[in-house]
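Me: I would like a close look at one part of this model. Please start from a single residue, describe its surroundings, and then say how the elements there relate to the rest of the fold.

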Amino acid sequence: MTTTLAEHAVTDFVREWSTAEERGDHRALDDLLAKDFVGVGPRGFVRCREEWLDRYITGTVRNTSFEVSDLRIRSYGETAVVVAAQTQQSVNGDVDASGAFRFTLIVVRQAGRLRLAGLHLSPNAAPAGG
C-alpha cells in the first residue's frame, strides 16, 4: 500500500533542512540529504552531495540568515515536491551571496525517513513589466 507524505511532515522536514543550511551544519545536512542528492545553484552549477556538504565543511559558505516562506507542497506517494521562496544573507568565500530565490525541493521517504533528493534554486526576479 502506498501512502502519501503528509504536508505537516514535509513542512517540518523543510524547517529542519533550512535550519541546518542557516547554521552551516554539515553533520545535520549529512543526515538529511539522500545519498544521491543533487543540488542546482542559482547560476546553473550542479553539486553532488559531497560537494554540497563541502561548502560548510570548509567554511567557504557562511550564512547569517536563511529564511524560507510561501511553501507549496504537492505529494506523490513517497515523494513530495516543494516550491517555496527563500532569502539569505551569506558569503561564498569573500563574495556576497545574499539574495532572494525561489527553490524546488524533491523530498523522498527512504528507509522510513524523509530525505532531500534534489534542490534547484533560481534568483527571484521581479515580475515582467514591474
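Reply: E21 sits in helix α1, which covers residues 7–23 (helices are DSSP runs of H or I of at least four residues, strands runs of E of at least two, numbered from the N terminus). The model is predicted, so local features need pLDDT of at least 70 and side-chain atom pairs pLDDT 80 or more, while totals for chains, interfaces and linings use all residues. Residues are numbered from 1 along each chain as its sequence is written, and side-chain values use heavy atoms, without hydrogens or water.

E21 counts as buried because its relative accessibility is 2% (buried is under 20%, exposed over 50%, partly exposed in between, with a 1.4 Å probe and protein chains only). Beyond four places in sequence, E21 touches L29, W52, R55, Y56, N63 and F66 (heavy atoms within 4.5 Å).

One of these partners, R55, belongs to helix α3, residues 49–57. The side chains of E21 and R55 make a polar contact at 3.2 Å (N or O atoms within 3.5 Å, one able to donate a hydrogen and the other to accept it; residues adjacent in sequence count only if both atoms are side-chain atoms). R55 has a relative accessibility of 11%, so R55 is classed as buried too. With residues up to four places away left out, the contacts of R55 are E21, R47, T60 and V61.

L32 lies 82 residues from L114 along the chain, yet the two C-alpha atoms are separated by 7.4 Å. L114 is buried because its relative accessibility is 14%.

The elements named so far come together again at the largest pocket. Helices α1 and α3 and strand β7 each supply at least two residues of its lining, as do β3 (61–76), β4 (79–92), β5 (95–96) and β6 (99–110). Strand β4 gives the most to that lining, with four residues.
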